[in-house]
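Please keep the sequence and the model at hand while reading.

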Amino acid sequence: MLTETTAAPAPASAPDTATRRRRSHRAAGGVVTVLVPAHNESAGITETLHSLNNQTHRPDRVIVVADNCTDDTEELALAQGAEVIRTVGNKDKKAGALNFALSQLLPDADPEDLVLVQDADSQLALDFIENATKNLLADELLGAVGGVFSGGPGGGFVGHLQRNEYARYARDVKRLHGKCLVVTGTAALFRVKTLRDVVAARLKGTLPPGNGKGGVYDTSVLTEDNELSFALLTLGYRIASPSNCTLVTEVMPTWRELWSQRLRWKRGAVENCVQYGWTKVTRPYWGRQFLSMIGVVVTLAYFGSLL
């Protein structure tokens with residue numbers, strides 16, 4: 001995979017007061033680096049980066065991984081002060097783009113440094129990094145802190161249904177005090193040492209090999225975020241989505257796109273269960289798939305009785 005790294009030009013002499021103000025907003029717990037994988041995200045990348053630039057605890061680096069972009073995503077990212085890593089020939093989509101960026105970042109990072117991975121079509125609440133960092137640093141066994149998302153505007157009736165669904169999910173997570181089944185790909189914060197543990201376990205064979213080269217994300221599956229959640233749980237980590245780590249994400253604007261998204265999620269979940277087999281970690285997930293199947297059978301039987 002060929003790449004090119006570009007950084008926004010810095011002014012020759014920035015005012016000392018501005019520098020001190022920026023430092024005063026830095027998150028505790030080491031350097032915070034944000035990775036934003038983006039494929040033709042010119043419509044929303046500026047708003048996404050704006051939410052990062054205005055965090056109460058600002059990240060030290062924001063890197064947009066421009067994956068085979070043919071629009072002006074890169075130019076817009078640079079205009080917002082982000083660094084840009086350009087991929088050429090990546091065939092593994094989001095997972096492949098993130099693996100490349102992490103392969104450059106992890107070797108030289110301090111184990112206690114933090115990495116936030118977020119989607120380019122999602123905007124963080126302005127205190128997201130502050131709250132996520134506090135939650136992560138409070139528990140050594142917490143492998144990842146995910147976000148609790150609400151649906152963005154648009155989409156008509158199908159968008160309204162998704163916003164209702166996300167609101168119910170947020171209510172459930174709050175009632176369970178942040179306990180969740182999956183670390184969402186919309187935004188998740190990790191320690192560097194946790195991601196290194198995943199890499200080592202893949203190379204050792206403790207976890208599925210992923211891309212076979214020690215990549216953090218498994219490029220062979222449909223739902224890489226769900227698989228990474230399985231990986232963290234298998235290694236003995238916990239995962240959480242605290243109620244104070246909120247963000248807004250894009251909704252699918254049409255029934256066709258929603259169907260495609262949910263089919264991919266369902267197929268990916270089953271795929272990950274088969275991949276990991278029947279274990280203490282996967283038993284609850286297998287149970288959910290079984291209940292889903294029963295629901296489909298009962299629904300079909302009901303409609304069949306009406307014919």
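## Aromatic pairs

Rings of Phe, Tyr and Trp (its six-membered ring) count as a pair if their centres lie within 6.5 Å, and the pair is called stacked when the planes are under 30 degrees apart, edge-to-face when they are over 60, and tilted for the rest. By this rule, a search of the whole structure finds 6 aromatic pairs. One of them joins Phe 149 and Tyr 166 edge-to-face, with 4.8 Å centre to centre and 85° between the planes. This pair links distant parts of the chain, since Phe 149 belongs to strand β8 (residues 148–151) and Tyr 166 to helix α6 (residues 156–175), 17 residues apart. Helices (H or I, at least four residues) and strands (E, at least two) are DSSP runs numbered from the N terminus.

Phe 149 and Tyr 166 are both buried, a word that stands for under 20% relative accessible area, while exposed stands for over 50% and partly exposed for values in between (1.4 Å probe, protein chains only). Ring pairs also link Phe 149, Tyr 166 and Tyr 169 into a cluster.

Leu 291, found in helix α10 (residues 283–306), counts as exposed because its relative accessibility is 57%.

## About the model

The model is predicted, so local features need pLDDT of at least 70 and side-chain atom pairs count only at pLDDT 80 or more, whereas totals for chains, interfaces and linings use all residues. Residues are numbered from 1 along each chain as its sequence is written, and side-chain values use heavy atoms, with hydrogens and water left out.
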